[in-house]
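Below are some notes for a colleague who is new to this structure.

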Amino acid sequence: MQGAAGSETSYGDPLEAALAWQRAGAEWVHLVDLDAAFGRGSNRELLAEVTGKLDVKVELSGGIRDDASLEAALATGCARVNLGTAALENPQWADRVVAEYGERVAVGLDVRITEQGHRLAARGWTKDGGDLWEVLARLDAAGCRRYVVTDVSKDGTLQGPNTELLRAVCDRTEAPVIASGGVSSVDDLVELSKLAPLGLEGSIVGKALYAQNFTLEEALAAVS
Ligand SMILES: O=C(O)c1ccccc1N[C@@H]1O[C@H](COP(=O)(O)O)[C@@H](O)[C@H]1O
């Protein structure tokens, strides 16, 4: 199953990798603490060290679920944090912090498309977190400034992004949307860039870069 704990591939030292993306021209680095997302540990100090050594903007994600973890994440100097589980399981807290921290807090909408509709996935994608459209409406009303949208069936598969889902989310919110999951080629990024007029602000690329399907320089040149 995509995203199952223990199924991840190791691509080496996170700091070395992040510095290499910075040298290659990245403006943002999206850093996920998978141990925290799965509830099996924390790499808080490591992520703080990586963030502190980068000059580019960092989006921190994974395990940011209460005041202490939010404050620790923001104190690293990251540009933005991305809430997942807490936005689904602790709506009052999440609604308060999206309003309080504005641009520094995004919400990750990890979507599983089922016979029951568009469902959100929480706790390392192991628990149902409610209906996508209801949660999106609630977070919009709370003033959420940005969403990171992942089709969990695509993440890590190199099968191409779910542009239909991204288009649908862009149609339902005024907030900028960032695409995550499935990118396999520069062509995928070019397709995603065509959604910019709808509100798609950017795309997160992971495995395709580590698998060397293309270089970051090629990607940036294709969509700039
Ligand atoms: O990023 C992944 O590949 C991933 C795989 C499986 C589960 C979660 C994953 N990542 C991200 O974790 C955060 C959510 O963390 P939390 O729920 O707030 O603790 C979110 O960005 C997921 O996309």
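1. Which elements each supply at least two residues of the lining of the largest cavity? They are β7 (147-151), α8 (163-172) and β8 (177-180); helices (H or I, at least four residues) and strands (E, at least two) are DSSP runs, numbered from the N terminus. With three residues, β7 gives the most.

2. This is a predicted model, in which local features need pLDDT of at least 70, side-chain atom pairs count only at pLDDT 80 or more, and totals for chains, interfaces and linings use all residues. Residues are numbered from 1 along each chain as its sequence is written, and side-chain values use heavy atoms, with hydrogens and water left out.

3. A cavity is a set of points on a 1 Å grid over the protein atoms alone where a 1.4 Å probe fits but cannot get out; lining residues have an atom within 4 Å of a point.

4. Among the lining residues are V149, T150, D151, K154 and P161. The lining divides into five nonpolar, four polar and two charged residues.

5. The axes of α4 (residues 67-75) and α6 (residues 91-101), lines fitted to C-alpha atoms over the stretch in contact, come within 12 Å and cross at roughly 25°. That makes α4 roughly parallel to α6 (angles under 35 degrees).

6. From α4, D67, L70 and L74 meet W93, R96, V97 and Y101 of α6, contact meaning heavy atoms within 4.5 Å. These residues comprise five nonpolar, no polar and two charged.

Technical notes: Axes fitted to C-alpha atoms, helices over the stretch in contact; angles between N-to-C directions. Parallel < 35°, antiparallel > 145°, perpendicular 65-115°, else oblique. Nonpolar A, V, L, I, M, F, W, Y, C, P; charged D, E, K, R; others polar. 1 Å grid on protein atoms, 1.4 Å probe; cavity = no way out; pocket = protein on both sides within 12 Å on 5 of 7 lines; lining within 4 Å.
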